[in-house]
Amino acid sequence: MPPLSSGRLASLIVGILVATSALGQSSTADTIYVGGDILTMNDSAPTAQALAVKGGKILLVGDRKAVEAQAKGAQTQIVDLKGKTLLPGFIDAHSHYFSALTVANQCNLYAPPAGPGKDVPSIVAAIRKFAAEKKVSKGEIIQCYGYDENAMPNGRQLTRDDLDAAFPDNPVLAGHVSMHGAVLNSAALKKWGFSAETKTPPGGVIVRKPGTDEPYGLIMETAYLPVFASLPKPTPEQEVEWSIAGQKLYAQAGITTAHEGATHADELALMQRAAKSGRYIIDVVAYPFVTDLEATLKANPPDTWGKYDDRVKIGGVKITIDGSPQGRTAFFTTPYLTGGPGGEKDWRGELAAPQEVITKAVKGVYDLGVPLDLHANGDGAIDAFLAAHEAAAAGDLGKQRHVTMVHAQFARKDQLDKFVQYRIRPSFYTLHTYYFADAHIKNRGKAQASSISPMRDAIAKGLQPTNHTDFVVAPLDQMFMLWSAVNRVSRSGAVIGADQRVTPMEGLKAMTIWPADQHLEGATKGSLEPGKLADLVILDKNPTKVPPMAIKDIKVVETIKEGKTIYLREPGGRL
Ligand SMILES: [Zn+2]
C-alpha cells in the first residue's frame with residue numbers, strides 16, 4: 001500500500017465526514033429492531049442489540065442506544081423482538097425452485113417429520129383433507145408429492161385400491177418421493193391408458209396386483225414419463241399465481257433468495273414471464289442446465305447474466321457429472337458393497353457423460369466466463385471433474401472462476417485440498433446424514449458413510465462450504481438442515497460422523513453469508529451490515545443458544561425481504 005499523500009488523507013477525512021453526517025441527520029430509520037438476539041454473520045461484530053432499516057436496506061447495526069440516537073425519528077417504527085432472534089434471510093445454496101410452482105398446488109405425502117405420510121391410512125386421510133380444503137370438483141386431477149414406500153410400516157404399500165375407496169371420481173396421482181413415478185388410482189390409470197394389456201416399457205415399472213396383470217397403482221421411470229409429460233400446464237394467469245405460491249413455501253422457510261438448480265430454457269422463460277408481473281416476493285437465481293445452454297444464450301445474451309431483472313437472475317451454468325449414492329448411480333473409484341441397481345457385480349456407478357464430453361462442457365463454461373455449478377457425489381465423479389478442470393483451466397488452475405461443487409458428498413480429504421487449490425466451493429448436503437445414512441452404510445460401508453458431506457474438514461482447510469436441501473428431494477426446512485449439520489443424527493438415531501459436525505454458527509454461515517458469496521452477492525446479502533439489503537428472518541429461538549438437538553424445533557416467525565414482511569407465522573400479529 002503506498003504511503004498516504006496529504007491530498008489523499010484529506011479526501012478520506014472528507015469522505016468520513018460526509019458518511020457521518022448522512023447517517024446523523026438525514027437518515028431516519030423506517031424500522032428499528034430491538035429486544036432480542038441479533039446474529040449478524042459479520043465476524044467483526046457477530047452480535048448486536050439493534051438493527052435499523054431504511055428504504056429496504058440496512059442503515060445501522062449495533063448498540064441499541066447508539067442506533068436509536070442516530071436513526072430514531074418520529075415516524076420510526078420500533079419492533080420489539082420480545083426475546084426472539086433476528087438473522088440475515090436464508091440464502092438457498094441449491095434447490096429446485098421450479099418444482100415449488102407445482103408442489104405448492106399439491107398434497108404433501110412426505111413421511112414424518114416432513115409430512116403426514118406415516119402409513120397408508122394417514123396418506124389417504126391427508127389427501128381427503130387436501131381435496132376438501134381445495135374444494136376439488138368431480139373429475140379434477142388430484143396431485144400429491146413425497147410418497148416414500150420405504151417409510152411404510154411392514155412393507156404395506158399404497159395401492160390403487162386404497163385410493164379408489166376414497167376417490168372413485170377423481171384421477172389421483174400420489175407422486176413418488178424420487179419424482180420419477182407415482183401411485184395412480186383407477187380413474188388415473190384409465191385416463192392414462194394403463195390396463196392389464198399394457199406392456200411394461202424397457203426401463204419402466206408397472207406394479208401389478210398380485211396374481212393378476214391388473215396395474216396396482218405404482219408406475220415408475222419410463223412408464224411414468226408420458227403421464228408426467230401430459231400433466232396440465234399452467235395458463236398465463238396460473239404462471240404468476242403458481243410462482244407466488246411456490247415462493248411462499250420459500251418465504252415460510254425463512255429464505256429470501258431461492259436457487260433453481262437445473263433450469264431448462266422453457267422453465268426460465270416461464271420464470272421471466274411471471275416475474276414481469278412485478279409480484280415476485282423473493283429473489284430467484286437460476287442455473288440453466290448445460291443441455292439447454294445454447295437455447296438459453298439465444299434468449300439471454302451473456303451480458304444479461306448475473307443481474308436481477310424483476311427478481312430473476314441467471315447465476316451460471318449447471319453441469320451434472322454423476323447420479324445419486326442412494327440410487328447407486330453416483331460414480332466411485334471403488335465398487336458398491338451391494339452391487340448395481342440392476343444386480344451388476346463390481347458396480348462403481350457411471351459418469352453422466354464420457355470424460356471428454358465433461359471436459360469440453362467445463363471448458364465451454366469457463367470460456368463464457370460465467371459461474372459453474374456442477375453436480376458430483378461419488379469420489380470418482382469428483383476426480384472426473386478435477387481432471388476436467390485441470391484440462392480446461394490449464395495455465396491458471398487457481399483463478400477465481402466461481403465454481404461450486406453441488407453435493408460433493410463423498411469428497412476425500414485429498415480432494416478437499418484440491419478444492420482449496422482450485423478455488424472450488426463445496427455445497428454439501430448434510431440432510432443425507434438423516435434421510436439416507438442407512439442406505440449409505442449398506443452401500444458404501446460405515447467409514448465412507450460417516451464422512452459424507454465433510455463440512456468440518458472443509459472448514460478446517462479454509463473452505464467456505466454452503467449447505468442445501470435439494471428441495472424437492474428433501475423438504476424446504478432450513479432449521480432441520482442446520483440441525484443435521486450440527487448433530488449428524490440418522491433416521492434410526494445413530495450419529496453419522498461425529499468428527500464432521502459443525503458449530504451452529506458455522507452451520508448458519510453455510511446458509512447465509514457463504515451462499516451469498518456463492519451467488520456473487522456477498523456485497524448486498526448474507527450478513528447484517530449497513531448498506532446491505534434488509535433481507536431478514538426472525539426465529540423463535542436462538543440456534544446458537546438452544547441445546548443442539550433442539551435446533552430442529554426452532555420456528556421461523558417472520559421473513560422480511562428488503563424491509564417488507566413476506567411471511568408471518570401468526571397472521572395478524574407482527575411477532
Ligand atoms: Zn439438485
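I worked on a predicted model, where local features need pLDDT of at least 70, side-chain atom pairs count only at pLDDT 80 or more, and totals for chains, interfaces and linings use all residues. Residues are numbered from 1 along each chain as its sequence is written, and side-chain values use heavy atoms, with hydrogens and water left out.

**H12 and H13.** I looked up helix H12 (residues 379-392) and helix H13 (residues 413-422); they pack at about 30 degrees with axes 11 Å apart. Helices here are DSSP runs of H or I, at least four residues, and strands are runs of E, at least two, numbered from the N terminus. Axes are lines fitted to C-alpha atoms, for helices over the stretch in contact, and angles run from 0 to 180 degrees between N-to-C directions. The angle makes H12 roughly parallel to H13 (under 35 degrees; over 145 is roughly antiparallel, 65 to 115 roughly perpendicular, the rest oblique). From H12, the contact (heavy atoms within 4.5 Å) uses Asp-379, Ile-382, Asp-383, Leu-386, His-389 and Glu-390. H13 supplies Gln-415, Lys-418, Phe-419 and Tyr-422.

**His-389.** Buried or exposed? I checked His-389 for this. His-389 is buried, at 1% relative accessible area (buried is under 20%, exposed over 50%, partly exposed in between, with a 1.4 Å probe and protein chains only). Beyond four places in sequence, His-389 touches Tyr-366, Ala-394, Leu-397, Arg-401 and Tyr-422.

**Cores.** I then asked which residues touch the most other members of the largest nonpolar core. They are Phe-385 and Phe-419, in a core of 96 residues. Such a core is a set of buried Ala, Val, Leu, Ile, Met, Phe, Trp, Tyr and Cys residues joined through side-chain atoms within 4.5 Å. A second, separate core has 22 residues, among them Cys-107 and Phe-167.

**H8 and H9.** Helix H8 (residues 236-252) and helix H9 (residues 265-275) have axes that come within 9 Å and cross at roughly 90 degrees. H8 and H9 are therefore roughly perpendicular. I listed Glu-239, Val-240 and Ser-243 of H8 against Leu-270, Arg-273 and Ala-274 of H9.

**Ile-58.** Ile-58 sits in strand S5 (residues 57-62). Ile-58 counts as buried, at 3% relative accessibility. I noted Glu-529 at 6.5 Å from Ile-58, C-alpha to C-alpha, though 471 residues apart in sequence. Contacts of Ile-58 outside its four-place neighbours include Leu-51, Leu-528, Pro-530 and Leu-533.
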